[in-house]
Amino acid sequence: GGFVAILEVCGFNHWLLKMLDEFGCRQTVLICANKRSSKKTDHRDANALGELLWANRKRLLEGKKVQNLKRIVLPSPEDEENRQLTALRQRAGTLRTRTINKVQRILLKHNLQQECPTKGLQTKKAQLWLKQMALEEIDRLEMDQLLAQWDLWNAQLLELENKIKKRQRKHPMAAIVATMPGAGAYSSLALACRIGSIERFPRPQSLANYWGLTPRCRNSGEATDRLGSITKEGSALARFLLGQMVLHILRRDGTMRAWYRGIK
């Protein structure tokens, strides 16, 4: 009935997964690597993975959980494209923010930020002021290049957001996520495509664990309340978007706002 393979997930093994399928691989077990060992070589890793697969072959083939093994569930082709698209949107937004910060650094260098005609820099009036302000030769050159980069990021973000809106309207789970306060097309699509099939999570807490939102614990013996910060495992983009959405929920939901203030 074919063979079974086990692989550690990385950012460039899509071609290998396709090739294994073409060569008759019955099932590919894709896992997340554990903490890096002090004696790490490809030979040691291959032997360890082979022993892991052989010792747990029955449970893995039946889809059961194996202790201390983080198995990766591959997304559908559509969700994989949506993940790539939303990651591009995040990266473009980050680059634009860095460019704006560099512009502000030049203004702080010459103590010019208070002379801006508007409160923020992201207005047409402020943009015109930045293009016309008198600066020294090298500062003027850097400012012109930063403004050109700023225009490029804005154009790319507009193109990405239009693409995201089209895909979000066709995604059934994104429509459900969009009913949450503060969830727009980008946020809802990014979260929905990273959830995948909700049926694979046995309990509501499982999704919080999957995104690294639950606290670490070191409970042993009689010590049963040794909690730490959140694990931060899983998608960093999902945690960032949920953190932004919290602000919208606190404005609209009085019960959640009171609970939040009590903890704060």
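How far apart are the mean positions of the positive and negative charges of the chain? I looked this up at the start, keeping in mind that the model is predicted, and found that the mean positions of the 46 positive and 25 negative charges are 5 Å apart.

Next I turned to the overall form. I noted 11 helices and 5 strands in the chain, and I saw that the C-alpha atoms fill a box of roughly 70 × 50 × 45 Å along the principal axes. The radius of gyration of the chain is 24 Å, whereas a compact globule of 264 residues would have one near 18 Å.

I then looked at burial and surface. Buried residues account for 29% of the 264 residues, and the chain exposes about 18,600 Å², of which carbon and sulfur atoms supply 54%. Among contacts between residues at least 6 apart in sequence, I found that 48% join residues at least 24 apart.

Finally I searched for nonpolar cores. The largest has 22 residues, and those with the most contacts inside it are Tyr186, Leu191, Ile195 and Trp211. I recorded that α4 (77-109), α6 (137-170), α7 (172-177), α8 (185-195) and α10 (236-252) each give two or more residues to this core, with the largest share, 6 residues, coming from α8. Leaving aside residues up to four places away in sequence, I listed the residues that Tyr186 touches as Thr86, Arg89, Gln90, Ile164, Leu237 and Leu241.

Terms used:
Residues are numbered from 1 along each chain as its sequence is written. This is a predicted model: local features need pLDDT of at least 70, side-chain atom pairs count only at pLDDT 80 or more; totals for chains, interfaces and linings use all residues. Side-chain values use heavy atoms; hydrogens and water are left out. Helices (H or I, at least four residues) and strands (E, at least two) are DSSP runs, numbered from the N terminus. The radius of gyration is taken over C-alpha atoms; the globule rule is 2.2 Å times the number of residues to the power 0.38. Buried means under 20% relative accessible area, exposed over 50%, partly exposed in between (1.4 Å probe, protein chains only). Contact means heavy atoms within 4.5 Å. Accessible areas come from the Shrake-Rupley method with a 1.4 Å probe; for residues, only the protein chains shown count as cover. Lys and Arg count as positive and Asp and Glu as negative; His and the chain ends are not counted. The place of a charge is taken as NZ of Lys, CZ of Arg, CG of Asp or CD of Glu. A nonpolar core is a set of buried Ala, Val, Leu, Ile, Met, Phe, Trp, Tyr and Cys residues joined through side-chain atoms within 4.5 Å.
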